[in-house]
There are 2 protein chains.
Amino acid sequence: MTTQHTPFARKLGAFVALSPEELGLLDQLHSRRRTFPALRDMVYEGQVERSAYILASGRVCSYKLLPGGTRQIVDFQIPGDFLGLRSVLFRTADHNIEPITRVQASEVQAQDLLDAFNTAPRLAAAVLWAASRDEAMVVEHLVDIGRRDAKQRMGHFLLELGARLKLVGLGSSDGYNCPLTQYLLADALGLSAVHVNRVLRELREDGLVSFQQGKVIFSDFDGLVEFTEFDRHYLDHEGPLMK
Amino acid sequence: MTTQHTPFARKLGAFVALSPEELGLLDQLHSRRRTFPALRDMVYEGQVERSAYILASGRVCSYKLLPGGTRQIVDFQIPGDFLGLRSVLFRTADHNIEPITRVQASEVQAQDLLDAFNTAPRLAAAVLWAASRDEAMVVEHLVDIGRRDAKQRMGHFLLELGARLKLVGLGSSDGYNCPLTQYLLADALGLSAVHVNRVLRELREDGLVSFQQGKVIFSDFDGLVEFTEFDRHYLDHEGPLMK
DNA sequence: CGCGGCATTGAGGCACATCAAACTCTGTGG
DNA sequence: CCACAGAGTTTGATGTGCCTCAATGCCGCG
């Protein structure tokens, strides 16, 4: 029922039980498949073409640049995630999107999306739900940076990413592949790369998580959950709410 | 055309040019008007009644509590803002909402909203836009906390709030009423109340802004915009995009 | 084999936190 | 009308988490 469809459909199906017609409409959104090389921005701040993407494979990050040259990574996206919803709805994109690895994604234009909403209003509710879930993650990220120290922050981040990947079948409680550099982590967590390195070492020495060679390994999952006060509640993953 | 309708309708109208029927539907959402005293939470984390509100008057903040007793304020809401969209769409609320002053708000139940979407799909797009705009503010808040120092952060925050209030007619480039304590500012900006006080003094002594007796006064608006590198772009306020 | 990107470690400094205390208001009751 | 309490603001002193600068090590790749 779900497996033959895209990760995106699977994700929306977690909120709204979708009919075959609705699933079909979603599949149509995937007609314009494109490939992007790592590191060249797919969307940049100020861009006027209002297009967004649904990520099929690879990893990307969305970020904002500051005049001083520093940047803040707002979120990482994984397969099944919607990229740049705000750049479809807004006049110009308000953030950048950069592929971390080679990426495959389907381009979605504003009109396609609005047409789909007209045909199947329940899809609008489902997309709204997905957007809200993304916002919940940004909110938790905000709490992370505002009120947790570097060590808890790092642990919390690694757990959250793990939970998301697990949902699309790309990880488990043992660990997952994570092609992020310490610089990327630093830009995401509001830390310096040097401090990221020290914090990772501490977490490893504490026997909680290790992050090496592009792999995250949870040495003591429960211990890490406790240490970081991780509550997966905000990810809201428990079967469709709208029948 | 806009003035006889609610601030909420005015806000959505900034994105979608709404028909009289659509405006009528929006007005119907305002049937269950309620009043809340200051300080008692309207929505709390884990709450199961899935209801949200449209704020008519007063000020509220939404926040998350941490086990240690600290809290992070995610956003302040002003009249015309939607409160707790995520608590309608999610199984349980993932955050708290507290009135800062006495508040008047219209209760909106999940079904009301979904029914309105069914009748007028363009409303769904408009609400999605409003949600995206809220997310853009959270994102900017994240950048604030992650990458700006306390002084820039405070100035940026005061400018953003001013821009939002101006839009609903509650402020100008000279200043605005701001019933927030330094403790609230601290919880919002990820600082200690003591440091908030020092930073406010510095900004005042620099002749940029003053914050006293519940009033924000921009002594040098342009100077502050420059100092904080404020770019109002992300608020996306420039007339309807969908005709 | 050497170069460039990334990881690691050390030393020193600063922006912020924490603790502690006084000061200012505002409202309240005697 | 004054005494008092409580909430918020202000200021000082001291401590620390994280930054910056600088160097070294590691590894894959041309």
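Me: Is Arg32(B) buried, exposed or partly exposed?

Reply: The reading rests on relative accessible area, where buried means under 20%, exposed over 50% and partly exposed in between, with a 1.4 Å probe and protein chains only. Arg32(B) stands at 34% and therefore counts as partly exposed. Bear in mind that this is a predicted model, in which local features need pLDDT of at least 70 and side-chain atom pairs count only at pLDDT 80 or more, while totals for chains, interfaces and linings use all residues. Residues are numbered from 1 along each chain as its sequence is written, chains are lettered from A and ligands numbered from 1 in the order in which they are written, and side-chain values use heavy atoms, with hydrogens and water left out.

Me: Which residue does Arg32(B) pair with in a salt bridge?

Reply: Side chains of opposite charge can pair when their charged atoms come close. The rule asks for a side-chain nitrogen of Lys or Arg within 4 Å of a carboxyl oxygen of Asp or Glu. Here the partner of Arg32(B) is Asp112(B), at 2.8 Å from N to O. The two are 80 residues apart, with Asp112(B) in helix H4 of chain B and Arg32(B) in the loop between helix H2 (20-28) and strand S1 (33-36) of chain B; helices (H or I, at least four residues) and strands (E, at least two) are DSSP runs numbered from the N terminus. Asp112(B), at 27% relative accessibility, is partly exposed.

Me: What does the salt bridge between Asp75(B) and Arg164(B) tie together?

Reply: The closest N and O atoms of Asp75(B) and Arg164(B) are 3.3 Å apart. Because Asp75(B) lies in strand S4 of chain B and Arg164(B) in helix H6 (residues 150-167) of chain B, the pair ties together parts that are 89 residues apart in sequence. Asp75(B) is buried at a relative accessible area of 10%, and Arg164(B) is buried at 3%.

Me: How many residues does each chain bring to the contact between chain B and chain A?

Reply: Contact means heavy atoms within 4.5 Å, and by that reading chain B gives 54 residues and chain A gives 54 residues. Buried area, the accessible area (1.4 Å probe) that two parts lose on being put together, summed over both, comes to about 5000 Å², with 66% of it on carbon and sulfur atoms. Arg91(B), Leu142(B) and Arg147(B) supply 17% of the area that chain B buries against chain A, more than any other three residues.

Me: How many salt bridges cross the interface of chain B and chain A, and which helix of chain B gives the most residues?

Reply: There are 6 salt bridges across the interface of chain B and chain A, including the one between Asp187(A) and Arg147(B), whose closest N and O atoms are 3.4 Å apart. The helix of chain B that gives the most to the side touching chain A is H5(B), with 20 residues. That side of chain B divides into 29 nonpolar, 10 polar and 15 charged residues, where Ala, Val, Leu, Ile, Met, Phe, Trp, Tyr, Cys and Pro count as nonpolar, Asp, Glu, Lys and Arg as charged, and the others, Gly among them, as polar.

Me: Which side chain of chain B does Arg86(A) meet in a polar contact?

Reply: A polar contact is a pair of N or O atoms within 3.5 Å; within protein, one must be able to donate a hydrogen and the other to accept it, and residues adjacent in sequence count only if both atoms are side-chain atoms. The side chain of Arg86(A) makes such a contact with that of Glu135(B), at 3.4 Å. Arg86(A) sits in helix H3 (residues 85-89) of chain A and, at 9% relative accessibility, is buried. Not counting residues up to four places away in sequence, Arg86(A) touches Asp94(A), His95(A), Ser132(B), Glu135(B), Ala136(B) and Val139(B).

Me: Why can H7(B) be called largely enclosed?

Reply: H7(B) is largely enclosed by the rest of the structure because 6 of its 8 residues are buried. These buried residues pack against helix H5 (121-147) of chain A, together with S4, H5, H6, helix H8 (193-205) and strand S9 (209-212) of chain B. After H7(B) comes Gly190(B), whose phi is positive, near 70°.
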